[in-house]
Amino acid sequence: MRGWMGKFRSLFLFGALTMFLTGCGVDNISALKPKGYGSELLFDLMLISIAIMIFVFVIVMAIYAFVLLRYREKKGQEHIVPKQTEGNKALEVIWTVIPIILLLVLAIPTVQATFDLADQSTQGDEGVLTVDVTGNQYWWQFDYADQEISTSQEIYIPTNERVYLNMKASDVIHSFWVPAIAGKMDTIPGENMNTMYLEAYEEGVYEGFCAELCGPSHSLMYFKVIAVSPDEFDQWVEDMQNIDPEAAPETVQTGQELFNENCMSCHAIGGASAGVGPNLGNFANREKIAGILQPSKENLVDWIVHPDEVKPGNQMPAELVSEEDAAKIADYLLELDHSDVGNDLEMQSVEE
């Protein structure tokens, strides 16, 4: 008896600990703390699924307990076989109809949500923002075609507005996922174009991931969705459209020249995307270098000189410049602070 009680106590404590840990998480990352329209729909579907599973579990365990107690072997009745129930049409109808009903309860809102999340009826309307998203090994490119803005690793969106994403990949299949505000969508090489939308309720910095195994640095393919107020977003657009790629403080002009000589064939500063590498406009205001490193000169130099050690398998050439020249290029890049919109949100995210 003691052994049985000990196992029950351990199981109870383990279950309680599991339930407690499910409440742990970080805001703006977890799908269990929805901050957007798409994630809220998915969260509601999860709640419906859990409710159905709990209902089925309770019913099954109740029947199991009844049978266990009602037909347990008793002293003096070791050789008695309980009456067998076979071919009971009523029972067969019940345990066929109930699962169908439960599936319908789950299927109807799931189908509704599927069509809702695939709705493109307002895409292309005046004032509706559309962003072209390209998945690369191992970074994300965001082109605001109507605004003639290109960014990488960080996508700015206005709150409480639907932002459509036209999505593709340049190399292999990737999967775009921002758990706190939307579901997943694959980006596929070639002419295939998938579309989804983001709609964030609150200002904040939301973590994004690649959810499709795409190579050795798949787990390092992070990006940020920075949701700001509509007025701040308009200010950000204006700031980014007015970037002068030739402007730089005199103290970093040597670094700018080195950057133009060695890096401009793949990268761009402001304007349209360079195509091969990320656009580095407003680089100094990014929360992370290469999506994973803390923003410091030392980390940036390490990334420039030894990119394959930071993100194995990426397409950036290693040791293109010396560490001394890389330091001068880093000084230049860390001066590219063309817009301070969202900086307070990013600093808050770093502190948390």
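Mentor: A salt bridge is a side-chain nitrogen of Lys or Arg within 4 Å of a carboxyl oxygen of Asp or Glu. Side chains of opposite charge can pair when their charged atoms come close. This is a predicted model, in which local features need pLDDT of at least 70 and side-chain atom pairs count only at pLDDT 80 or more, while totals for chains, interfaces and linings use all residues. Residues are numbered from 1 along each chain as its sequence is written, and side-chain values use heavy atoms, leaving out hydrogens and water.

Trainee: How many salt bridges does the structure hold?

Mentor: There are seven salt bridges. In one of them, Glu 207 meets Lys 224 at 2.6 Å, N to O. Glu 207 is in strand S9 and Lys 224 in strand S10 (residues 223-228), 17 residues apart; strands (E, at least two residues) and helices (H or I, at least four) are DSSP runs, numbered from the N terminus.

Trainee: Is Lys 224 buried or exposed?

Mentor: Buried means under 20% relative accessible area, exposed over 50%, and partly exposed in between (1.4 Å probe, protein chains only). Lys 224 is buried, because its relative accessibility is 5%. Glu 207, at 14%, also counts as buried.

Trainee: Which parts does the pair of Glu 287 and Lys 224 tie together?

Mentor: The side chains of Glu 287 and Lys 224 form a salt bridge at 3.8 Å, N to O. Glu 287 lies in the loop between helix H5 (253-262) and helix H6 (297-305) and Lys 224 in strand S10, so the pair joins parts 63 residues apart in sequence.
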